[in-house]
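Please keep the sequence and the model in view while reading.

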Amino acid sequence: MVASVSVARADEQTRQVQEELRKRHLFFRDIDGKPSLEYAIALKRYQARQGFAVSGIADEMTLYSLGIGEPMSPAEGAAELPNVTLAENGNQYRVVFTNSA
């Protein structure tokens, strides 16, 4: 039962990608939710136009840019960046780094 649910979800996602690629005049076959050579070529064209890594696979960045996926998670280590404030002293400004701990 789990396998059929994941296949159905993948087919739905592929169908959504096909629709978005068709809106952008990149995919011209029937929208059937099935991966194909034409689907991969359309994805590669879209990825190249967007400046993404050209793989022909609907990865997280491609899905999000098509309005289908979730926002990408922040890069690892982003939580460890220092707090930065801008201190003003008359006409002079300086950047002040403070520990978040």
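## Terms and basis

Two residues are in contact when heavy atoms of theirs lie within 4.5 Å. The model is predicted: local features need pLDDT of at least 70, side-chain atom pairs count only at pLDDT 80 or more, and totals for chains, interfaces and linings use all residues. Residues are numbered from 1 along each chain as its sequence is written, and side-chain values use heavy atoms, with hydrogens and water left out.

## Overall arrangement

Three helices and two strands are present in the chain; helices (H or I, at least four residues) and strands (E, at least two) are DSSP runs, numbered from the N terminus. Their order from the N terminus is α-α-α-β-β.

The accessible surface of the chain is about 7700 Å², and 54% of this surface belongs to carbon and sulfur atoms; the areas come from the Shrake-Rupley method with a 1.4 Å probe, and for residues only the protein chains shown count as cover. Of the 101 residues, 18% count as buried (under 20% relative accessible area; exposed is over 50%, and partly exposed lies in between, with a 1.4 Å probe and protein chains only).

## Glutamine 47

Glutamine 47 belongs to helix 2. This residue counts as buried because its relative accessibility is 0%. Its side chain reaches the backbone oxygen of isoleucine 57 at 2.9 Å.

Apart from neighbours within four places in sequence, glutamine 47 is in contact with Phe52, Ala53, Val54, Ser55, Gly56, Ile57, Asp59 and Thr62.

## The largest nonpolar core

A nonpolar core is a set of buried Ala, Val, Leu, Ile, Met, Phe, Trp, Tyr and Cys residues joined through side-chain atoms within 4.5 Å. The largest one has 11 residues, including Val17, Leu43, Phe52 and Leu66. Helix 1 (2-23) and helix 2 (37-50) are the elements that give two or more residues to this core, and helix 2 provides the largest share, four residues.

Valine 17, with neighbours within four places in sequence set aside, is in contact with Tyr39, Leu43, Ala58, Leu63, Leu66 and Ile68.

## The aromatic pair

One aromatic pair is found in the whole structure. Rings of Phe, Tyr and Trp (its six-membered ring) pair if their centres lie within 6.5 Å; planes under 30 degrees apart count as stacked, over 60 as edge-to-face and the rest as tilted. The ring centres of phenylalanine 27 and tyrosine 39 are 6.4 Å apart and the planes stand at 90°, so this pair is edge-to-face.

Phenylalanine 27 lies in the loop between helix 1 and helix 2, while tyrosine 39 lies in helix 2, 12 residues apart. Both phenylalanine 27 and tyrosine 39 are buried.

Key. Polar contact = N/O pair within 3.5 Å; in protein donor to acceptor, adjacent residues only side chain to side chain.
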